[in-house]
Amino acid sequence: MPTPAYAALSATTPLVPYSITRREPGPKDVAIEITHCGVCHSDLHFARNEWKMTPYPCVPGHEIVGRVTKVGAAVRGFKAGDRVGVGCLVDSCRTCESCRAGLENYCDTGFTMTYGSPDAHQAGPHTFGGYSKAITVDQDFVLRIPESLNAAGAAPLLCAGITTYSPLRKFGVGKGTRVGVVGLGGLGHMGVKLAAAMGAEVTLFTTSPGKAEDAKRLGAHRVVISKDAGQMQGAANTLHFVLNTVAAPHDLNPFIATLRRDGTMCLVGAPDRPHPPLELFPMLFRRRAVVGSLIGGLKETQEMLDFCGAHGVTSDVEVIPMAGINAAFERMLKGDVKYRFVIDLATL
Ligand code: NAP
Ligand code: ZN
Ligand code: ZN
C-alpha cells in the first residue's frame with residue numbers, strides 16, 4: 001500500500017514529503033490509520049544520525065496512536081475501529097530469556113525498532129515510523145489506548161510514558177519514596193506526573209527557572225534550579241531515586257550527591273557524546289548506584305496505559321501539522337516546547 005510520509009533523506013537535510021510502502025496485513029497483522037504521532041527527542045537524534053546508526057531514508061516516529069482499519073484472519077482482540085497505539089518496537093526474537101519474560105525491549109538479539117531496523121517483511125529497505133498516514137504491525141506489538149484518554153495527549157505515553165514508568169516501577173517508587181526527576185522535557189514531565197500519581201514526593205531539577213511554576217502544576221513538590229550550587233547543596237542526601245532524562249552531556253556528580261545511602265540514579269537520556277566522568281568515592285561511601293533503562297516491554301507498556309487511564313494521566317502537548325516538523329525540531333533543541341509536540345496526521 002503506497003502511504004504518504006515525511007522522511008529525512010540525509011543527516012543534514014530537513015524532513016520532506018515522501019511516499020513509502022506498507023505491507024498488506026498478513027494473518028496476524030493489524031493495519032492502523034495513524035491519527036497522531038508524538039515527536040520524541042530520539043526522532044531528532046536519529047534523523048540527524050547522531051547515534052551513527054541511521055539508514056536513509058528515515059521516517060521517524062514511535063509514539064503512534066490511531067484507529068484499526070483492518071485485521072488479519074488470526075488476529076484476536078483487535079477489530080476495525082479500535083483505538084490503538086504502537087511504541088518503539090514492532091517485533092523481537094520472541095524466544096530469548098528477555099522476550100519470554102515480557103522484556104522484548106531487552107531482546108538478546110535486538111528488537112525490531114519501529115523505524116530504522118531491517119524489515120523482516122521486506123515491505124521497505126528498513127522499518128518506517130509514525131510520521132506517516134498508516135502502519136501495519138503484528139498484533140503482539142499493538143497496544144490498547146483507554147478510550148477515556150485524549151488521543152493527542154496519549155500518543156507520548158508510547159515512548160515518554162513507558163520510558164519513565166518502567167524505571168519508576170522497577171526501583172519501587174511509590175508512597176514514602178522521595179524521587180528526583182532531572183530535566184523537564186517530554187520524558188521529564190511524564191516522569192513528574194507518573195511519580196506523583198504513584199504517590200511519591202517529587203523534586204524536579206531543571207536548568208530553566210521559567211519552568212518552576214509549571215513543574216508544580218504537573219505534580220512536583222519541590223523545584224531545584226540545577227545550575228544553582230546552593231540549591232543543589234540543599235538537596236544533598238535526600239532522595240531515594242533520581243530519574244535523569246537530560247538529552248545532552250552534563251556533569252552527573254551533583255545529582256549523585258542528592259541520593260541517600262543505597263539510592264539509585266537511572267539514566268534514560270541518550271546524548272550522542274559521553275557525560276563527564278563519575279566520581280567514585282561519593283558512590284562507594286553511600287553505596288549509591290547509577291543504572292540505565294530502555295523504554296519498556298509490551299506487557300508493562302499496556303500496564304502503564306491502563307494506569308494512565310485510571311489516573312487520567314496524559315502528556316501536555318502542542319499539536320502541530322506535519323509540515324511543521326522541521327520548525328518543531330529546532331524548537332525542541334531550544335527547550336521551547338510544553339512539553340511534547342504531537343503531529344496531527346490529518347494534516348498530511
Ligand atoms: P526533550 O523534550 O528535548 O527534553 C530534554 C530536557 O533535557 C530539556 O527539556 C531540558 O530540561 C534538558 N536539557 C536539554 N539540554 C540540556 C543541556 N544542555 N543541559 C542541561 N539540560 C538540558 O527530550 P526528550 O524527548 O524528553 O528525550 C530526552 C532524552 O531521552 C533524549 O536523549 C532521548 O533520546 C532520550 N530517550 C531515551 C529513551 C530510553 O529508552 N532510554 C526513550 C526516549 C528518549 P530543563 O529545561 O528542565 O533543564
Ligand atoms: Zn522516544
Ligand atoms: Zn528476544
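A salt bridge here is a side-chain nitrogen of Lys or Arg within 4 Å of a carboxyl oxygen of Asp or Glu. In this predicted model, glutamate 303 and arginine 169 meet that rule, with their closest N and O atoms 3.7 Å apart. Glutamate 303 belongs to helix H10 and arginine 169 to helix H4, so the pair ties together parts that are 134 residues apart in sequence. Both partners are partly exposed: glutamate 303 has a relative accessible area of 36%, and arginine 169 has one of 32%.

Domain 1 is made of two stretches, 2-159 and 296-347, while domain 2 covers 160-292. The contact between them draws 25 residues from domain 1 and 25 residues from domain 2. Their centres, taken over C-alpha atoms, lie 27 Å apart.

The size of an interface is often given as the accessible area lost when the parts come together. For domain 1 and domain 2 that figure is about 2,000 Å², with 57% of it on carbon and sulfur atoms. On the domain 1 side, Cys159, Phe307 and Tyr339 lose the most area to domain 2, and together they account for 31% of what that side buries. The polar part of the interface can be counted as well: 18 residue pairs are in polar contact between the two domains, both residues of a pair being at pLDDT 80 or more. Helix H1 (41-47) and helix H10 (298-311) each supply at least two residues of the domain 1 side that touches domain 2. H10 gives the most to that side, with seven residues. The rule for salt bridges finds four of them across the interface, and a search of the whole structure finds 19.

H10 can be followed along its length. Its end C-alpha atoms are 20 Å apart, which agrees with the 20 Å that its 14 residues should span at 1.5 Å a residue. Leu298, Glu300, Thr301, Gln302, Met304, Leu305, Phe307 and Cys308 are its buried residues. These pack against strand E6 (89-91), strand E9 (143-144), helix H4 (160-170) and helix H5. Just after H10, glycine 312 has a positive phi of about 65 degrees.

H5, one of the elements that H10 packs against, runs over residues 186-197 and reaches 17 Å from its first C-alpha to its last, close to the 16 Å expected. Of its 12 residues, 10 are buried, so H5 is largely enclosed by the rest of the structure. Among the buried residues are His189, Met190 and Lys193. Glycine 199 follows H5 and has a positive phi, near 100 degrees.

The loop between H10 and strand E16 (317-321) holds threonine 314. Apart from its neighbours within four places in sequence, threonine 314 is in contact with Leu149, Asn150, Gly153, Ala154, Met190 and Lys193. Its C-alpha atom is separated by 32 Å from that of aspartate 262, which is 52 residues away along the chain.

Lysine 193 also forms a salt bridge with aspartate 316, and the closest N and O atoms are 2.5 Å apart. Aspartate 316 is buried, with a relative accessible area of 18%, under the 20% cut-off for that class. Aspartate 316 has a second salt bridge, to arginine 217, at 3.0 Å from N to O. Aspartate 316 lies in the loop between H10 and E16 and arginine 217 in helix H6 (residues 212-218), so this pair ties together parts that are 99 residues apart in sequence. Arginine 217 is exposed, at a relative accessible area of 52%. Salt bridges that share partners join Lys193, Asp214, Arg217, Asp316 and Lys338 into one network.

A further salt bridge joins arginine 94 to aspartate 91, with the closest N and O atoms 3.0 Å apart. Arginine 94 counts as partly exposed, at 34% relative accessibility.

Serine 132 sits in the loop between strand E7 (112-113) and strand E8 (134-138). Serine 132 is buried, with a relative accessible area of 0%. Its side chain reaches the backbone oxygen of glycine 129 at 3.0 Å and that of alanine 134 at 3.4 Å. Beyond its neighbours within four places in sequence, the contacts of serine 132 include Thr3, Ile20, Arg22 and Leu345.

Definitions and conventions: Residues numbered from 1 in each chain as written. Chains lettered and ligands numbered in written order. Predicted model: local features only at pLDDT ≥ 70, side-chain atom pairs only at ≥ 80, totals over all residues. Heavy atoms only, no water. Helix = DSSP H or I, 4+ residues; strand = E, 2+ residues; numbered from the N terminus. Expected span 1.5 Å × (residues − 1). Buried < 20%, exposed > 50% of the residue type's maximum accessible area, 1.4 Å probe, protein only. Domains from an automatic or database assignment. Contact = heavy atoms within 4.5 Å. Buried area = accessible area lost by both parts, 1.4 Å probe. Polar contact = N/O pair within 3.5 Å; in protein donor to acceptor, adjacent residues only side chain to side chain.
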